[in-house]
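Here is a short briefing to read alongside the model. Have the sequence and the 3D view open as you go.

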Amino acid sequence: MIFYSNSPEDTRAAAAAIAPLLRPGDLLAYRGGMGAGKTTFTSGLAQALGSPAWVSSPTFALVHQYDGPTPLCHFDMFRISTMEDLYSTGFFDYLESGAILAVEWSENIEAALPDPHIVVEITLGEGEKRTITVTGDERFS
């Protein structure tokens, strides 16, 4: 599934479009450079999943949980470089929580990602333009 975004609103709308296809326990492995729109995408996802919370980057907290009919846990793995670091986030406990997990900088924990998982790749274009590609499951074909 491919979305083209020309604004933060478009990025949030792309996330809202996939939200009805998600199931409790799904993991979204985000790929994209700094400033690509991963947190903006998560904001649209949280809202579409019924969370009234304001979404912010979990850069320093490592994980933010957004409650709603289907909880969403938003991770930032940018500073995670060892398994010990990963364990300290509580990541493995969250895998069993039934929440949807959105993982920024997922390439830093590639070996620990469960199979299957959903890949959300956000590619920067000029200005506000982004291409958002969602793969990894037949629901997104």
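Residues 24 or more positions apart account for 58% of the contacts (heavy atoms within 4.5 Å) in the protein chain with a separation of 6 or more. This is a predicted model, in which local features need pLDDT of at least 70, side-chain atom pairs count only at pLDDT 80 or more, and totals for chains, interfaces and linings use all residues. Residues are numbered from 1 along each chain as its sequence is written, and side-chain values use heavy atoms, with hydrogens and water left out.

**Overall build**

- The protein chain has 4 helices and 7 strands; these are DSSP runs, with helices (H or I) of at least four residues and strands (E) of at least two, numbered from the N terminus.
- Along the sequence, the pattern reads β-α-β-α-β-β-α-α-β-β-β.
- The radius of gyration, taken over C-alpha atoms, is 14 Å, close to the 14 Å from the globule rule (2.2 Å times the number of residues to the power 0.38) for 141 residues, so the protein chain is as compact as a globular protein of that length.
- The C-alpha trace spans about 40 × 30 × 30 Å along its principal axes.

**Cores and helix H2**

- Of the 141 residues, 45% count as buried, meaning under 20% relative accessible area with a 1.4 Å probe, protein chains only.
- The largest nonpolar core has 24 residues, and those with the most contacts inside it are Ile18, Leu28, Phe41, Leu45 and Val120; such a core is a set of buried Ala, Val, Leu, Ile, Met, Phe, Trp, Tyr and Cys residues joined through side-chain atoms within 4.5 Å.
- H1, E2, H2, E5, E6 and E7 each give two or more residues to this core.
- Another core, of 16 residues, lies apart from it and includes Phe75, Ile80, Leu101 and Leu113.
- Helix H2 (residues 38–48) has Lys38, Phe41, Thr42, Gly44, Leu45 and Ala46 buried.
- The cover over those buried residues includes helix H1 (8–18), strand E2 (27–31), strand E4 (72–76), E5, E6 and strand E7 (130–135).
- After H2 comes glycine 50, with a positive phi near 95°.

**The loop between E5 and E6**

- Most residues other than glycine have a negative phi, and most peptide bonds are trans.
- Tryptophan 105 is in this loop and has a positive phi, near 55°.
- Tryptophan 105 counts as buried because its relative accessibility is 13%.
- Proline 116 is also placed between strand E5 (100–104) and strand E6 (118–124), and the peptide bond from aspartate 115 to proline 116 is cis, with omega near 0°.

Key: Buried < 20%, exposed > 50% of the residue type's maximum accessible area, 1.4 Å probe, protein only.
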